[in-house]
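Please open the structure in your viewer and keep the selection tool at hand. We will go from stop to stop, picking a few residues each time.

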Amino acid sequence: MLTQFFIPARNLATWFRRSFVLGVALAVWIEAARMSALGAESQTPPVEPPPSLSTAPRFTTDVMPVLSKLGCNLGACHGNQNGKGGFKLSLRGQDPADDRVSISLDQFGRRVNLLEPAESLLLQKPTMQVFHEGGLRLRRGTPEYDVLYRWIAAGAPEDPADSPRLAHLIVEPAEALLFDPDRQQQISAIAEFSDGERRDVTSLAVYEPSASLVTVDPQGTAKFSAPGEATVLVRFLDLQRPVRLIHAPSRSEFVWSEPPVHNFIDEHAFAKLRRLRINPSPLAGDQEFVRRVYIDVLGILPTADEARSFVRDPALDKRARLIDRLLNRPEFAEHWALKWSDLLKNEEKVIDPQGVRYFHEWIRESFAAGKPLDQFVRELVTARGSTYANPAANFYRANRDPVSRAETAAQVFLGIRLQCAKCHNHPFDRWTQSDYYRWTAFFSRVDYLIV
């Protein structure tokens, strides 16, 4: 009974041949219909003949900036961890060699047409000649289109081994202060390459403002919509530089009030306020000051008697004397030991109860003795031996692997968050993934023994 379900080999071969012919005919018909709908312009490639390999754009220094400028390698597009539409690029172009392979060789090289460059998906999708979920990103006839076209026409070549690399990125101005009615600032970017070439890349750099009150057009012109302060991150290839911009009301009648300078913090604060044409607020009254200083230094409120005594004191230097007294009180060391215990992960889920007690006592004694912060950190980072005999060594007990040690040391002691660079170049700072693992390597030989 089962034999009736078998197809003779001769009939099967005939069926395959007919299916193939029908499939080819259907593909030809669809392509002809598509080309007819696009019109004559889309069928005709640019008149410029394909250049020789010696004059072709280089992938790393010419093509990659275009892909970054178009936003192709951002996390929301093909720079996503899983790519988009089967096409994946490295995030923000951190791996040009892999990107070139993905563009020119992946999926049988379907994204580039070396015989008819204008028919390449790499050009047709961003120009919306073929549907592109990312929308219109590129227009025919622009310099960016020309770079991509000429690279494909030259055979989508790999960069020569001795190709120059980006060495420096010079961005000007590094900072600017604008007063009404001036609301615009032109940003320029110059790339310096390893062979000494200097190139104006203002139109190819990527501009990323930190706040919505400022926008930057593709040519690097920043424009404020409201007074405020913002940072514009200027990125070209694997280098990026910050530009700090401030827009303020004109305050044409401003006169500096010449407030007294008591310390180096006042010097920096007053310098910025004067630039912004803002006079500092008057000193807080004695009632406000005594409350604030107790909370800031000791973490507690003054008693009623302490507050009254301070307010009634007629001495001109009573504020400085009060600060000195508070710094010598035991509550000061207790308050700041609690804060630093949080920063240094001094807790029982990573350190045993006895170690927590010893570590907290060491931190408290350090503050009580007025130990300089650089010495405090040095003793933590270089600590060796028993965590009971040398409690500072608990810093490594709370951070048990090189990655956590590196990230904690950078964030707590240097004020730098490196976590983003663990998986890719930092999107908002100059740290690269290589920097992250070089820094982590410093802590890779630190270990501990349980005895």
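What follows is a tour of helices, side-chain pairs, cysteines and backbone turns.

**Before you start**

This is a predicted model, in which local features need pLDDT of at least 70 and side-chain atom pairs count only at pLDDT 80 or more, while totals for chains, interfaces and linings use all residues. Residues are numbered from 1 along each chain as its sequence is written, and side-chain values use heavy atoms, with hydrogens and water left out.

**Stop 1: helix α7**

Select residues 143-153, which make up helix α7. Helices here are DSSP runs of H or I with at least four residues, strands are runs of E with at least two, and both are numbered from the N terminus. Helix α7 is mostly covered, with 9 of its 11 residues buried. Buried means under 20% relative accessible area, exposed means over 50%, and partly exposed is in between (1.4 Å probe, protein chains only). Color the buried residues of α7, among them Tyr 145, Leu 148, Tyr 149 and Trp 151. What lies over them? The cover includes α3, α4 and α6.

Now show the side chains of Asp 146 and Arg 150, which meet in a salt bridge at 2.9 Å, N to O. A salt bridge here is a side-chain nitrogen of Lys or Arg within 4 Å of a carboxyl oxygen of Asp or Glu. Because Asp 146 and Arg 150 are 4 residues apart in α7, about one helical turn separates them. Asp 146 is partly exposed at 26% relative accessibility, whereas Arg 150 counts as buried at 19%.

**Stop 2: helix α4**

Move to residues 96-104, helix α4, and pick out its buried residues: Asp 99, Arg 100, Ser 102, Ile 103 and Ser 104. These buried residues pack against α3 (59-69), α5 (106-109), α6 (121-124) and α7. Contact means heavy atoms within 4.5 Å.

**Stop 3: more charged pairs**

Side chains of opposite charge can pair when their charged atoms come close. How many salt bridges does the rule give? The count comes to 24. For one of them, select Asp 305 and Arg 308, with N to O at 3.4 Å. Both residues sit in helix α10 (residues 304-312), 3 residues apart, about one turn of the helix. Asp 305 is exposed at 57% relative accessibility, and Arg 308 is partly exposed at 42%.

Next, select Asp 374 and Arg 378, whose closest N and O atoms are 3.9 Å apart in another salt bridge. Asp 374 is partly exposed, with a relative accessible area of 48%. Then display Asp 62, Glu 197 and Arg 199 together: salt bridges that share partners join them into one network.

**Stop 4: two crossing helices**

Show helix α12 (residues 330-343) with helix α13 (residues 353-368); their axes come within 8 Å and cross at roughly 130°. Axes are lines fitted to C-alpha atoms, for helices over the stretch in contact, and angles run from 0 to 180 degrees between N-to-C directions. The contact includes Phe 332, Trp 336 and Trp 340 of α12, and His 360, Ile 363 and Phe 367 of α13.

**Stop 5: a cysteine pair**

Select Cys 72 and Cys 77. Cys 72 is buried at 15% relative accessibility, and Cys 77 is buried with a relative accessible area of 15%.

**Stop 6: backbone details**

Find the cis peptide bond joining Glu 172 and Pro 173, with omega about -5°. Pro 173 is in the loop between β1 (166-172) and β2 (175-179). Another cis peptide bond runs from Asp 180 to Pro 181, with omega near 5°; Pro 181 lies in the loop between β2 and β3 (184-186).

Met 128 has phi near 65° and sits in the loop between α6 and α7, where Met 128 is partly exposed at 36%. Leu 237 has phi near 55° and lies in the loop between β9 (228-236) and β10 (239-248). Is Leu 237 buried or exposed? At 13% relative accessibility, Leu 237 counts as buried.
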